[in-house]
Amino acid sequence: MKVSETILGQAHGKDVVAYTLTNPNGISLTAMTYGATITELMMPDKNGKSENVILAMDSLDDYVKHRPYYGATIGRIAGRIAKGSFDLDGTRHQLIVNEEENQLHGGPAGLDTHVWDAEIEASADEASIHFTTTDADGANGYPGTLSVTVSYTLTAENEWKINYRATTDQPTLFNPTNHVYFNLSGDINKPILQHELQLNSAVFAELGDGNLPTGALLPAEGTPFDFRDGGKLAIAAEQSHPQTQKVAGFDHPFLLQHDTGKPDAVLSDAESGRSVKMYTDQDCVVIFMHNGAIDKYTIAGSPVIQYAGITLETQALPDAINQEGFGDIVLRPGEVYSAETIYKFEVQA
């Protein structure tokens with residue numbers, strides 16, 4: 001395994017370093033210390049042409065200025081907290097809100113805005129970047145000093161492993177994710193609507209006002225949300241289902257079934273031959289299809305088109321602290337938060 005590093009510039013008065021891990025099969029992963037963010041995933045197609053298959057900004061300054069969440073580590077809490085408030089052990093906590101009256105993706109200074117420390121570990125079969133940071137007591141309104149490690153490992157078997165670990169000195173909330181957007185065509189100007197998705201999920205969470213979960217978990221069968229047998233993503237943009245119309249596609253949590261030996265999701269692009277299999281120990285995956293075009297910044301010199309990429313954000317169900325039956329996202333002193341997601345990349349001729 002090969003490892004290289006480059007200083008990209010500075011943020012918050014600290015050097016921002018990008019590390020590139022390259023395996024013997026021509027797959028390479030680049031991630032930087034700003035936001036513990038993956039900025040490039042180079043992968044050959046069925047003809048051997050290597051292209052970046054994730055969305056990434058053109059410069060460090062663009063990440064800092066526009067905060068698009070592309071490829072970043074999201075936390076303390078992924079998704080939205082209703083009204084930016086929650087009860088914990090009988091105490092009402094008010095978070096700093098950053099999307100109207102709600103908090104989104106950890107608040108205005110979430111983990112994606114930190115300059116993380118990093119260490120490299122490499123062997124013949126795999127190489128890892130171990131990112132670490134500390135989120136202070138009171139940051140974005142959360143109680144407790146949180147110590148976080150996120151490790152990205154690229155293996156000789158073409159796997160990208162994401163491992164999370166966290167501890168706290170006070171009861172707090174923790175529900176992180178990685179916000180990587182895939183476009184397996186390798187062409188930012190080609191929408192992902194013809195990508196095929198197979199998803200091991202029979203239930204999705206209904207969205208209400210502000211794209212917050214209503215608390216209802218709905219059956220996918222007979223709806224555009226049923227991908228158990230696979231299907232093109234275009235169905236989410238073309239169907240008249242009120243939930244897809246609400247966001248012009250998907251921005252929904254899907255509860256995963258976790259059948260033994262099966263991937264939780266498979267995303268593929270027939271034209272390039274590329275596919276990614278997702279495995280996770282998390283309860284759900286939030287799928288977002290970059291439902292709107294953006295012209296305030298560019299990727300590879302071009303404005304960002306509608307449906308430019310798709311996320312597979314593994315996590316606990318969003319707003320779980322305020323929704324009965326959505327799971328426990330409280331982290332307490334003496335406990336260690338641990339989670340893993342694996343993306344395995346393949347090419348079919």
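Leaving aside its neighbours within four places in sequence, which residues is Ile77 in contact with? In this predicted model, the list runs to His105, Gly106, Tyr142, Leu173, Phe174, Asn175 and Ile329. Ile77 has its place in the loop between β6 (73-74) and β7 (80-81). For a sense of distance, take Ser268: it sits 191 residues from Ile77 in sequence, and the two C-alpha atoms are 29 Å apart in space.

The loop between β6 and β7 also holds Arg76. Here the backbone does something worth a look: Gly75 and Arg76 are joined by a cis peptide bond, with omega at about 10°. Most peptide bonds are trans, and most residues other than glycine have a negative phi.

**The whole protein**

Stepping back, you'll find 3 helices and 30 strands in the protein. Its radius of gyration is 19 Å, close to the 20 Å that the globule rule gives for 349 residues, so the protein is as compact as a globular protein of that length. Along the principal axes, the C-alpha atoms fill a box of roughly 60 × 50 × 45 Å.

Of the 349 residues, 56% are buried. Look at the contacts between residues at least 6 apart in sequence, and 65% of them join residues at least 24 apart.

**Inside the protein**

In soluble globular proteins, nonpolar side chains tend to be buried together. Here the largest nonpolar core has 59 residues, and Trp160, Phe182 and Tyr343 are the ones with the most contacts inside it. The strand that gives the most to this core is β13 (residues 146-155), with 5 residues. A second, separate core has 19 residues, including Ala56, Leu60, Tyr70 and Val115.

What does Tyr343 touch, leaving aside its neighbours within four places in sequence? Among its contacts are Trp160 and Phe182, along with Asn158, Ile162, Val180, Met278 and Leu312.

Beyond the neighbours within four places in sequence, Gln315 is in contact with residues including Ala78, Asn175, Pro176 and Cys284. Asn175 also turned up in the contact list of Ile77.

**Out on the loops**

| Residue | Loop between | Relative accessible area |
|---|---|---|
| Gly222 | β20 (213-219) and β21 (231-232) | 79% |
| Glu100 | β9 (91-94) and β10 (103-104) | 76% |
| Ala300 | β26 (294-299) and β27 (302-304) | 61% |

Glu100 has a phi near 55°, a positive value in a residue other than glycine. Ala300 isn't a glycine either, and its phi is positive too, at about 55°. With Gly222, you can follow the chain for 15 residues to Ala237; the C-alpha atoms of these two are separated by 16 Å.

Notes
Residues are numbered from 1 along each chain as its sequence is written. This is a predicted model: local features need pLDDT of at least 70, side-chain atom pairs count only at pLDDT 80 or more; totals for chains, interfaces and linings use all residues. Side-chain values use heavy atoms; hydrogens and water are left out. Contact means heavy atoms within 4.5 Å. A nonpolar core is a set of buried Ala, Val, Leu, Ile, Met, Phe, Trp, Tyr and Cys residues joined through side-chain atoms within 4.5 Å. Buried means under 20% relative accessible area, exposed over 50%, partly exposed in between (1.4 Å probe, protein chains only). Helices (H or I, at least four residues) and strands (E, at least two) are DSSP runs, numbered from the N terminus. The radius of gyration is taken over C-alpha atoms; the globule rule is 2.2 Å times the number of residues to the power 0.38.
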